[in-house]
Amino acid sequence: MAMACGSCGHRLSQWAGRCPSCGAWGTVAEVAPERARPVRAAAAPVALGGDQPDASRLGTGFEGVDRVLGGGVVPGSVVLLAGEPGIGKSTLLLQIAARAAATGRRSLYASGEESRGQVAARARRLGLPGDAVAFVGGRELPDVVAAAEDFRPDLLVVDSIQALRDPASASLPGGTAQVRACGDALVGLAKATGTAVVLAGQVTKDGEIAGPRTLEHAVDVVCSFDGDARTGLRILCGGKNRFGPEGEVAWFEMGPAGLTEVDPAALLAPADGEPGAAVALVAAGRRALAVEVQALVTPTEGPPRRSASGLDPRRFGLVAAVVDRAIGMGLGRRELYGASAGGLRVDDPGADLAMAAALASAASGAPPPPGAAFVGEVSLTGAVRPVANLPSRVAAAASVGMRTVYAPPGARGVDGVRVVPVRRLSDALEWRSRPGSRRRAGGTLKPASAEMGL
């Protein structure tokens, strides 16, 4: 009698209430013994520099997606698209399949979560040519593999890998063993036939892709699809990529017609001359963006609170402490709130200087200089440290009309943009104490220091 865990596939010699491998309870059950595999002839080695297959990439119909993939989908490759349920993975994959079919490519869409009628209804709602895309039920692995071998598509979309089941495995669908078995079979299919395979993978409650990271090492490309439900903004981020650069980013907006690629500069256009708001130049893959960073400083009678939306809370609190010590703004006795515009999540250390500028502006009531942007990492000593890719960050400032950039020494300006080199945080915030940097409170102008009781 052979026993195996239905969750991870671990084999045991006898029954147990808890799997010793994954720790799951009640998943050990009797399984059929493994059949002996037929002996196969050894493959003849070939020279590495011999004839290579055609590596022309398949366009997805989205310029941003092609850029994230390194120029398109490589034939014979396997791409994993991971994201939370309901974020729009199925919509994006259906649009990619339909656009590929519209260019003469053969597309096969395998869905184990929706029926043919549901997928067809979505295609009609999005205005896609559904007749050009072939469909197969994606619940059973042999059905998907047989359909792909018979249809020989250029692009195979599997939605999702967690809904696919290998009947040869006794484990539950979506479990580690099933995901590993189905993923291995689809990787073999892609390498043997040259079909490009795109897998949709759900992100678990622990933030992991398709279970405990069972697929990331096996596939060629890993992309994450994230977004903000309040704004409809979606972000495609490239991770592992065997055929191109990592870290590229594409921006989309979810609407009635599906996902539309948008220019982030249009979504995140920074405000100019407003107290409590500063423009940060952050890295987004190999690109750079100008993002508005906001801060609110308000008095409190109880313990002061710290809250940040779209910013790293720990980084925000650290920068606030450095600002308080470097220029004496009295922030330790006040409530501090921070946010990034457009729902963008900013975790780039290069945004430290902009956070400091927003905090100093909110506390003093003096807006940053008109047309100014900030870039640099703030150390605990108050020094402004350089960050990577400064030329593209300065160029991003010029693209949104910024005229001045406060940056660490070494950054060079471009046409129409002047770089102000700063070594210390106090040098970057000297504008807060210039004549006229006061705000109106109760109909009269008061110095910021008087309002804070300094």
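Colleague: Which residue is the bridge partner of Ala-2 in strand 3?

Modeller: Start with the general idea. Strands of a sheet pair through backbone hydrogen bonds, either parallel or antiparallel. Here, the partner of Ala-2 is Val-31. Strand 1 (residues 2–5) and strand 3 (residues 28–31) run antiparallel and share four bridges. Two strands count as paired if DSSP finds at least two bridges between them. Strands (E, at least two residues) and helices (H or I, at least four) are DSSP runs, numbered from the N terminus.

Colleague: What should I know about the model itself?

Modeller: It is a predicted model: local features need pLDDT of at least 70, side-chain atom pairs count only at pLDDT 80 or more, and totals for chains, interfaces and linings use all residues. Residues are numbered from 1 along each chain as its sequence is written, and side-chain values use heavy atoms, with hydrogens and water left out.

Colleague: How many bridges join strand 1 to strand 2?

Modeller: Two, and these strands run antiparallel. Strand 2 covers residues 11–12. Its Arg-11 stands opposite Ala-4.

Colleague: In what order do the seven strands of the open sheet lie?

Modeller: The order is 15-16-14-13-17-20-21, with mixed pairing. Strand 15 (306–309) and strand 21 (418–421) are the edges, each pairing on one side only. From one strand to the next, the twist averages 30°. Axes are lines fitted to C-alpha atoms, for helices over the stretch in contact; angles run from 0 to 180 degrees between N-to-C directions.

Colleague: In which sense do strand 17 and strand 20 pair?

Modeller: Parallel, over three bridges. Strand 17 spans residues 372–374 and strand 20 spans residues 404–407. Ala-372 faces Thr-404 of strand 20 across the pairing.

Colleague: Which strands does helix 7 touch?

Modeller: Strand 15 and strand 16 (334–340). Contact means heavy atoms within 4.5 Å. Helix 7 (residues 313–327) packs on the sheet, and its direction makes about 130° with that of strand 16. Helix 8 (residues 352–364) lies across strands including strand 13 (277–284) and strand 14 (287–299). Helix 8 runs at about 30° to strand 14.

Colleague: At what angle do helix 2 and helix 3 pack?

Modeller: About 75°, with their axes 11 Å apart. That makes helix 2 roughly perpendicular to helix 3. The cut-offs are: under 35 degrees roughly parallel, over 145 roughly antiparallel, 65 to 115 roughly perpendicular, the rest oblique. Ser-90, Thr-91 and Leu-94 of helix 2 meet Val-119, Arg-122 and Ala-123 of helix 3.

Colleague: Is helix 2 mostly covered or mostly uncovered?

Modeller: Mostly covered: 12 of its 14 residues are buried. Buried means under 20% relative accessible area, exposed over 50%, partly exposed in between (1.4 Å probe, protein chains only). Among the buried ones are Lys-89 and Gln-95. Just after helix 2, Gly-104 takes a positive phi of about 95°.

Colleague: What is the relative accessible area of Ala-98?

Modeller: It is 4%, so Ala-98 is buried. Ala-98 belongs to helix 2. Leaving out residues up to four places away in sequence, Ala-98 touches Leu-128, Pro-129 and Val-133. The C-alpha atoms of Ala-98 and Ala-134 are separated by 9.7 Å, while the two residues lie 36 residues apart along the chain.
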